Amino acid sequence: MTGKRNAAVQARIPVAVDAGFHVNSNTPSEDYLIPLKLTWTATGALEGGQVTYPKPTLEKYEFADKPLSVFTGKFDLVVNFKVAPTAAAGPGAAAGKLSYQACNDRMCFPPKTVPVTVPYQIQ
Amino acid sequence: MAAATVKADKDRKEAPDFALKDAEGKVVHLSDYRGKVVVLDFWATWCGPCKIEIPWFTDMQRRNKDRGFEVLGVSMDDEGWEVVKPFLTQLGVNYRVVMGNDATAQLYGGVEALPTTFLIDRAGKIAAVHIGLTSKRDFEDGVEELLQPAPDAGGRPVVPAIADRSK
C-alpha cells in the first residue's frame with residue numbers, strides 16, 4: 001500500500017474459511033456468539049483504520065433454532081486509512097488482530113486471534 | 001443384538017482426576033464421584049451445539065439422580081462465571097458445573113472441539129467419548145448400559161429382590 005501525506009489509502013485483508021466451516025459474522029445472530037472482529041494495535045504513519053466487513057450470509061444449522069449470520073469461504077475485509085500529515089517518507093506497517101470463532105455443523109472450536117500486518121510505503 | 005454404545009470394560013482407561021471450582025467456589029474432584037455413573041461434559045456458552053445437548057443432560061440428571069448418576073459440566077469459557085452463571089440460570093441447568101482450564105483439557109486429550117462428552121463408569125473409567133453434537137438416544141443408551149448392575153461372579157445378571165432358588 002503506497003500513499004502520500006494526507007492521502008486516503010485502502011487495504012484489503014484476505015480471509016479464507018476452510019470448506020465445511022463457518023465463522024460468526026461481525027454481527028452475529030445471537031448475543032452469546034463471538035463475532036469476527038478486526039482491531040488495530042498500532043497504525044504507525046496511518047490514521048483511522050475503519051473496517052468494512054462483507055455482507056454476511058444467513059445459514060441454518062442443525063444446532064440453531066434460527067439461521068445464523070456467518071461468513072464462509074473466501075472474503076476480504078476492506079480497511080480505510082489516511083496517511084498522517086506529518087508522516088515520514090519510507091516503509092512501515094500497521095499491526096492488528098483478527099479474532100474469530102469457528103464451527104462446523106456439529107461442533108465448535110475455541111475463539112482464536114491471529115495477527116494482521118499491513119505494510120505501507122509513504123512517498 | 002444392538003451395537004454396544006460403550007467400550008468393553010477391558011478397554012476402558014481411568015478418567016484423569018482434576019480439582020476445579022464450582023459456581024460457589026467449592027473445589028470439586030472427579031474422584032468425588034467414584035461409585036456413580038458420570039456424564040462429564042466440556043462445553044462453552046458460545047457453543048451452539050452445546051446448547052442443544054445441555055437440556056438433554058438436565059433431563060437425564062432429573063430422571064436418574066436416584067440411580068447413582070450425575071452430570072458434571074466443565075465450562076471452557078475464558079470470561080468465567082460472569083457469563084456462565086446467567087447462562088445456567090437461563091437454561092435451568094440442575095447439575096453441577098465447574099470452570100475448566102487448559103491443564104484439565106490437556107488431561108482429556110486436548111478437548112479442541114466442543115461439545116466433548118465423556119461417559120464415565122462407576123469405577124471411574126472412561127466408557128465412551130462423544131465429540132460434537134450427538135443424539136440424545138446415544139447418550140441415554142450409553143448411560144443406561146452403565147447404570148445396569150454388574151453381573152455376579154457366575155456371569156449372571158444380578159436382579160435385585162429375586163432370591164436365587166437354585167442353591
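Reader: Let's start with the open sheet in chain A: in what order do the three strands come?

Author: Bear in mind that this is a predicted model. The sheet in chain A is open, and its pairing is antiparallel. Its three strands run in the order β2-β8-β5.

Reader: And which strands of chain A stand at the edges of that sheet?

Author: Look for strands with a single partner, so that one side is left without a neighbour in the sheet. From one strand to the next, the twist averages 25°. The edge strands of chain A are β2 (8–16) and β5 (46–52).

Reader: How many bridges join β5(A) to β8(A)?

Author: Strands of a sheet can pair in parallel or antiparallel fashion, through backbone hydrogen bonds. Here β5(A) and β8 of chain A, residues 74–83, run antiparallel. The number of bridges joining β5(A) to β8(A) is six.

Reader: Staying in chain A, is A:Asn6 buried or exposed?

Author: A:Asn6 sits in the loop between β1 (2–3) and β2 of chain A, and its phi is near 75°, a positive value in a residue other than glycine. A:Asn6 has 12 of them inside 10 Å, so it counts as exposed.

Reader: Over to chain B, then. Are the axes of α1(B) and α4(B) roughly parallel or roughly antiparallel?

Author: The axes of α1 (residues 48–64) and α4 (residues 136–147) of chain B come within 11 Å and cross at roughly 30°. Angles under 35 degrees count as roughly parallel. That makes the arrangement of α1(B) and α4(B) roughly parallel.

Reader: What residues of α1(B) make that contact with α4(B)?

Author: The crossing of the two helices, α1(B) and α4(B), is right-handed. On the α4(B) side, the contact is made by B:Lys136, B:Phe139, B:Glu140, B:Val143 and B:Leu147. Taking both helices, the contact residues divide into five nonpolar, one polar and two charged. From α1(B) come B:Trp56, B:Met60 and B:Asn64.

Reader: Where's the cis peptide bond in chain B, and what residues does it join?

Author: Most peptide bonds are trans. In this one omega is about 0°, and B:Pro115 lies in the loop between α3 (102–107) and β7 (116–120) of chain B. The cis bond joins B:Leu114 and B:Pro115.

Reader: What about B:Val111: buried or exposed?

Author: B:Val111 is in the loop between α3 and β7 of chain B, with a phi near 45°, a positive value in a residue other than glycine. Buried takes 20 or more other C-beta atoms within 10 Å. With 21 C-beta neighbours inside 10 Å, B:Val111 counts as buried.

Reader: Which residues does B:Thr116 touch, leaving out those up to four places away in sequence?

Author: B:Thr116 belongs to strand β7 of chain B and is buried, with 23 other C-beta atoms within 10 Å. B:Leu133 is 17 residues from B:Thr116 in sequence, and their C-alpha atoms are 8.5 Å apart. The residues B:Thr116 touches are B:Phe42, B:Val111 and B:Ile131.

Technical notes. Residues numbered from 1 in each chain as written. Chains lettered and ligands numbered in written order. Predicted model: local features only at pLDDT ≥ 70, side-chain atom pairs only at ≥ 80, totals over all residues. Axes fitted to C-alpha atoms, helices over the stretch in contact; angles between N-to-C directions. Helix = DSSP H or I, 4+ residues; strand = E, 2+ residues; numbered from the N terminus. Parallel < 35°, antiparallel > 145°, perpendicular 65-115°, else oblique. Left-handed = near helix turned anticlockwise from the far one by under 90°. Contact = placed C-beta atoms within 7 Å. Nonpolar A, V, L, I, M, F, W, Y, C, P; charged D, E, K, R; others polar. Pairing = 2+ DSSP bridges.
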